[in-house]
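Student: Could we go through this model together? I would like to begin with its overall layout and then turn to the details.
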Amino acid sequence: MQAAEFHKLTVSSVEAITEESVRVTFKVPDGLEAAFTHVPGQHVIVRATIGGEMVRRSYSICSRAGSGSLQVGIKRLPGGVFSSFANTELKKGDVIEVTRPTGEFTVAIDPGNRRHHIAIVAGSGITPVLSMIESVLADEPESRFTLVFGNKDGRSVMFLDDLGRLKNHNPGRFALFNILSRESNAMPMFEGRLDEDKLVQLFTTVVDAASATDWYLCGPAGMVEAARSVLARGGVPPEKVNDELFYAGGDAPPRVAVDDEVGSTIKVTIGGRTSNLVIDPDGAPILDHVLAVRPEAPFSCRSGACASCRAQVTEGEVRMDKNWSLERSEVAAGQILTCQSHPVSDTVELTYDV
Ligand code: FES
């Protein structure tokens, strides 16, 4: 992950989609249309100074690929600095710094494909999946899409109108199952959380899981893990399951050194330029130390969920607190999330140029 390059984009609209979420549309400057072309499921990193502090976050693109529109969905999170700002202060005409789209939670659209895509989604995890659904229905005419969508109650369902429109315009090609955890339904099957029991119940009754060709999981860790486990037990090959964690939650790891953490000399390369730093075992992740000398180092969520801070260890050893976003094979190959990593050898060499 190389250093993120930010472009200044003007906000062309901010539209409330629930009481706690907005759809933000950016105007892409002339000449940058190709750079901001996205694959359905990708995200951008946004950056703004809020309350005197530079804040970065990643937000998924909800607009259809090829629509020429760059839209993101932002749900207000408890204590969320950027999400609160976007939901209360951001307005048309404001300028925000935005990176070009990135991310591997995607669907490759092929008009010749005949597939049945199924997404299991909770809360704001719908944002990248809305782009996938719009794109599949528009550009893969022989394919269909099923969405199993968990929310607290009807008022918290993001993009409800968009999903209703897609359902009405694509009879037989788009199936939508809303599951609400805090609202009763005449059919109890559609009440409750998206846990293992609920998913098994849905897959053995109303959801045509047997014909699925591609699976997408997007939501909090508990939901993604429950769905992974049900699909694995059902014999779905792991390469057919694409997942992304939304709002990993949990507190930041404590900023105290643990026993295996050592003072270390770190050699870090970003954009072909190498810096040396000597760090004490103070519990701060490698990313914090790198940012002190190389502020262009990429990062976004700081919670292990987005992989924006990915780097390759070329010498030495580190330990990660959490990893919600790297594949096992990537970790085995020496990739790390620098926001979660601490040195456990005297010297560590790493590069962000991967
Ligand atoms: S910044 Fe998101 S995983 Fe490290």
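Student: Which domains does the domain assignment of the chain give?
Tutor: The model is a predicted one, and its domain assignment gives domain 1 (6-99), domain 2 (116-245) and domain 3 (264-351).

Student: What distance separates the centres of domain 1 and domain 3?
Tutor: Taken over C-alpha atoms, the two centres are 27 Å apart.

Student: And how many residues are in contact between domain 1 and domain 3?
Tutor: Domain 1 contributes five residues, which are in contact with seven residues of domain 3.

Student: What area is buried there?
Tutor: About 440 Å² is buried between domain 1 and domain 3, and carbon and sulfur atoms give 39% of that area. On the side of domain 1, Ile 45, Arg 56 and Ser 58 supply 83% of the area buried against domain 3, more than any other three residues.

Student: How many salt bridges are counted between domain 1 and domain 3?
Tutor: The count is zero salt bridges. Polar contacts are found, however: three residue pairs across the interface of domain 1 and domain 3 meet the rule, with both residues at pLDDT 80 or more.

Student: Which elements give two or more residues to the domain 1 side?
Tutor: For the side that touches domain 3, these elements are β3 (43-50) and β4 (53-60). The largest share, three residues, comes from β4.

Student: What is the make-up of that side by class?
Tutor: The side of domain 1 that touches domain 3 has one nonpolar, two polar and two charged residues.

Student: Staying with β3 and β4, in which sense do they pair?
Tutor: They pair in the antiparallel sense, over eight bridges. Within this pairing, Val 44 stands opposite Tyr 59 in β4.

Student: What about the hairpin of β3 and β4?
Tutor: Two residues lie between the strands of that hairpin, and Gly 51 takes a positive phi near 60°.

Student: Changing topic, which strands is β1 joined to by bridges?
Tutor: Strand β1 (residues 6-18) runs antiparallel to strand β6 (residues 95-99), with five bridges joining them. Seven bridges join β1 to strand β2 (residues 21-27), and these strands also run antiparallel.

Student: Which residue of β6 is opposite Lys 8, and which residue of β2 is opposite Glu 15?
Tutor: Lys 8 stands opposite Glu 97 in β6, while Glu 15 stands opposite Arg 23 in β2.

Student: Finally, how many residues does the hairpin from β1 to β2 pass through?
Tutor: The hairpin joins β1 to β2 through two residues.

Definitions and conventions: Residues are numbered from 1 along each chain as its sequence is written. This is a predicted model: local features need pLDDT of at least 70, side-chain atom pairs count only at pLDDT 80 or more; totals for chains, interfaces and linings use all residues. Side-chain values use heavy atoms; hydrogens and water are left out. Domain bounds come from an automatic or database domain assignment. Contact means heavy atoms within 4.5 Å. Buried area is the accessible area (1.4 Å probe) that two parts lose on being put together, summed over both. A salt bridge is a side-chain nitrogen of Lys or Arg within 4 Å of a carboxyl oxygen of Asp or Glu. A polar contact is a pair of N or O atoms within 3.5 Å; within protein, one must be able to donate a hydrogen and the other to accept it, and residues adjacent in sequence count only if both atoms are side-chain atoms. Helices (H or I, at least four residues) and strands (E, at least two) are DSSP runs, numbered from the N terminus. Ala, Val, Leu, Ile, Met, Phe, Trp, Tyr, Cys and Pro count as nonpolar, Asp, Glu, Lys and Arg as charged, and the others, Gly among them, as polar. Two strands pair if DSSP finds at least two bridges between them.
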